[in-house]
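Student: I am new to this structure and would like to learn how to read it, one feature at a time.
Tutor: Then let us look at it together.

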Amino acid sequence: MILGISIVIFVLVEGILIFSIIRYRERPGMPNPFQNHGNLKLELVWTVIPTLVLFVILFFTIRGLLYVAPENEPAASASQPRMEVTAVGHQWWWEFYYPNYHVTTADTLEVPVNTTVHVKLFSNNVIHSFWVPALTGKTDVVPGHDNTKWFVAQKEGTYTGICAEYCGTQHANMRFNVKVVNNNDFQTWVSSQQQAATAPTDPLAQKGAALFKNQCASCHGIVGVNLKQFYDTAQECSDLPGGKANGTPQCLIGPNLTHFGSRNLIAGGVLDNNTENGNCDPNNPKLTQQCNLAKWLKDPQGVKPGNDMNIGELTNDQIQQLVAYLEGLK
């Protein structure tokens, strides 16, 4: 509506301007134009009409803001199924916890279509802002002041989300996806995500599992390996390494990796998890060039400078082992 009003005004004003330039241009022998000052009626017209137009635009703006970022559940969605998600803003990646299903994931928020999604927003570091432009408006994620938002995705597909508040050097690379699927596919996804990680049978992946326990388990969690269950890092991390300090959750630094191999994004959305075409086959001779996970493990600071991934230098053999293990965590 605002765009339509703006187009009409633009065409009208520019049309009058072009007409005036042509019709009243100076010609040889023309007298000076009549000087018209202090016309009260004319001044009232060009003041009142824009004021009324701005009030109309204000009405549609406020209505739009209430629609895309309601503080309470939209009345129109009362008859729709509902679900709750906790979104935790880290530096620089998004974590999602589903309290009704006890599932934790990262970088992709998977929701069923035509469902009212209640997102509780939490940060324990700096101010972030949760924004999915195609689905809902921006809402700040403020430490010590937990915010909330509601949205309904009416069409299946994958929608890009970003952090809309500057939060550090990699603010622009703090991305995520909202994947909207039908209800059957969502229930299948939940069932698979609720399972603990299975022990690998491939010898290379087994070496990767051992490497994970020795070098990665202090920052990352895998249910069935170093975690007993999935956790909401905003609420229930007291029995994880670090515990709680003065009531503030001090949870694992990195994402939960229980079903890492099923994810499409890694490294806070800066890289695709490109397992297609054998790119992440551990036997691929160009593994560290073609597989984004291998690139990330090879040089996480080169991919995303300033991030918390400080694992030291890994050999190519160790990278092969970790890729085999992590990509097998479906």
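Student: Where is D107 placed?
Tutor: D107 sits in the loop between β3 (103-106) and β4 (108-112), where helices (H or I, at least four residues) and strands (E, at least two) are DSSP runs numbered from the N terminus. This is a predicted model, in which local features need pLDDT of at least 70 and side-chain atom pairs count only at pLDDT 80 or more, while totals for chains, interfaces and linings use all residues. Residues are numbered from 1 along each chain as its sequence is written, and side-chain values use heavy atoms, with hydrogens and water left out.

Student: Is D107 buried or exposed?
Tutor: Buried means under 20% relative accessible area, exposed over 50%, and partly exposed in between, with a 1.4 Å probe and protein chains only. D107 has a relative accessible area of 5%, so it is buried. D107 also has a positive phi of about 75 degrees, although it is not a glycine.

Student: Which loop holds N114, and what is its phi?
Tutor: N114 is found in the loop between β4 and β5 (116-123), and its phi is near 55 degrees, again a positive value in a residue other than glycine. N114 counts as partly exposed because its relative accessibility is 38%.

Student: Which residues does a cis peptide bond join?
Tutor: The cis peptide bond joins Q91 and W92, with omega at about 5 degrees, and W92 lies in the loop between β1 (82-89) and β2 (94-98).

Student: What does the side chain of N307 reach?
Tutor: A polar contact is a pair of N or O atoms within 3.5 Å; within protein, one must be able to donate a hydrogen and the other to accept it, and residues adjacent in sequence count only if both atoms are side-chain atoms. Here the side chain of N307 reaches the backbone oxygen of K304 at 2.5 Å. N307 lies in the loop between α7 (300-303) and α8, and it counts as buried because its relative accessibility is 8%.

Student: Which residues does the UniProt annotation "transmembrane region" cover?
Tutor: UniProt positions are given in the numbering used here, feature names are shortened, and annotations may be inferred rather than shown by experiment. In this unreviewed entry, the annotation covers residues 6-24 and 44-69. In the model, the span 6-24 is 95% helix and 0% strand, and its end C-alpha atoms lie 26 Å apart.
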